[in-house]
Amino acid sequence: MLKGKNILLGISGGIAAYKCANLIRLLVKEGANVKVVATKAALEFITPQTISVLSKNEVLTDFFDNNHNWNNHVKLSEWANYFIIAPATANTIAKMAHGLCDNLLLAAYLSYKEKQNVLICPAMDLEMYNHQTVVNNIAILKEKGYQLLDAEYGELASGLIGQGRMKEPEQIIASLIKHIQTHLKFINQHVIITAGPTYEAIDPVRYIGNRSSGKMGIALAEAFAAEGAKVTLVLGPTHESVKNNTITVINVESSEQMYNAFMQLIKNATIIICAAAVADYKPETTANQKIKKTKNNLELNLIKTHDILLECGKIKSKNQLLIGFALETENCIENAKEKLTRKNADLIILNTSSSKGEGFNYDTNKISIIDKHNKITNFELKSKTEVANDILNYILTN
Ligand code: CTP
């Protein structure tokens, strides 16, 4: 469940910080990528060396590192799928509840958008834990939507017995997994996606291809996987890589291979997305040997390839959602609507390639989503990751 997930661990200055060595070790063992942001006081209880060796990343404490480079807390927060703050001392809890920002941990916390994905693990002496201001501050954080893992009863650093012990690393991880399981938006979905270009061989060294990078389809695969879906990506030749290792990638080259691989997956899919720029035509025959330059004119007879989206539209069941893309340069809406009807898709994502930053090879895209009832939803120019999340949210809310 934690495989490939990015987890930011915020450590504040309490004796329980020593438990973070084990917490980091267990998170890494589960396959998570771990980065740690610690307060200066935290490093009195656990060494930066221990943290960096176990997390395989340098521990972040200051707004600037030793080379005067800015530790960008916004980027750090964007990177993290989940943010665990353990131990959360009375001081850090108070600052979080009231928006104070005098260290990097708090800056990362304030920049973190998905409140429900922040797990706060208080640890302090029992009298502090029961103090009305601490109780109030914890209530404020709960009300704001943060997850608080109640401190445990037991022996405390002061020698007293009572409630205040930080949850054990195993319990924190179990809570995180439970939280993920209940909050992921596409947990029981199997999403299959075509992406990238296809290469149609002319002879052993030449092909007909196109400039598609596969970035949009890969961004969709990553977005669905991050929301718990089982994702299978049938990917044409591209230099782009897939980061989330829970995604099953089937590498193909030609439209024929893409078609054969994809059609086998359809039966078990709940969401089918055709994002690939499949060649519409391929050479009727492929020469066995490299074609020599002997003729003045060379004619290639091209025949139609399988239209994968069209074939999916013919066999899809009522419970399957079929999504196609349309790259248009003229009569965009009309052409996209025509494709939606002809190919029996449920949604068409239109990109018009009319302005800079849209379409093939760019990291950004500007889309409109058209549904079967001709409802058109327009989006701004955004990064392909954000576009992918817009598409996921659209599916959830429409
Ligand atoms: N598509 C497909 N297989 C093909 C051609 C297209 O699955 N052989 C899918 C694309 O992945 C996309 C949609 O069909 O989701 C529309 O692709 P596009 O290239 O815009 O349209 P075409 O159907 O190829 O029509 P035209 O090139 O004439 O615009």
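Which polar backbone atom is 3.4 Å from an oxygen atom of the ligand? The points below answer this and then turn to other parts of the structure.

1. In this predicted model, the polar backbone atom in question belongs to Leu 327, at 3.4 Å from an oxygen atom of the ligand. The ligand on its own would expose 570 Å², of which the protein buries 77%.

2. There are 16 residues around the ligand, and those that come nearest are Cys 274, Ala 276, Phe 325, Lys 339 and Lys 343.

3. Two packed helices are described by the angle between their axes and the distance between the axes. For helix H4 (residues 90-98) and helix H5 (residues 104-111), the angle is about 40° and the axes are 10 Å apart, while the crossing of H4 past H5 is right-handed.

4. Most residues other than glycine have a negative phi, and most peptide bonds are trans. Two places in the backbone deserve a look with this in mind. The peptide bond from Ala 86 to Pro 87 is cis, with omega near -10°, and Pro 87 is part of strand S3 (residues 82-88). Lys 56, in the loop between helix H2 (48-55) and helix H3 (73-79), has a positive phi, near 65°.

Technical notes: Residues are numbered from 1 along each chain as its sequence is written. This is a predicted model: local features need pLDDT of at least 70, side-chain atom pairs count only at pLDDT 80 or more; totals for chains, interfaces and linings use all residues. Side-chain values use heavy atoms; hydrogens and water are left out. Axes are lines fitted to C-alpha atoms, for helices over the stretch in contact, and angles run from 0 to 180 degrees between N-to-C directions. Helices (H or I, at least four residues) and strands (E, at least two) are DSSP runs, numbered from the N terminus. A crossing is left-handed if the near helix is turned anticlockwise from the far one by less than a right angle, and right-handed if clockwise. A residue is near a molecule or strand if one of its heavy atoms lies within 4 Å of it. A polar contact is a pair of N or O atoms within 3.5 Å; within protein, one must be able to donate a hydrogen and the other to accept it, and residues adjacent in sequence count only if both atoms are side-chain atoms. Accessible areas come from the Shrake-Rupley method with a 1.4 Å probe; for residues, only the protein chains shown count as cover.
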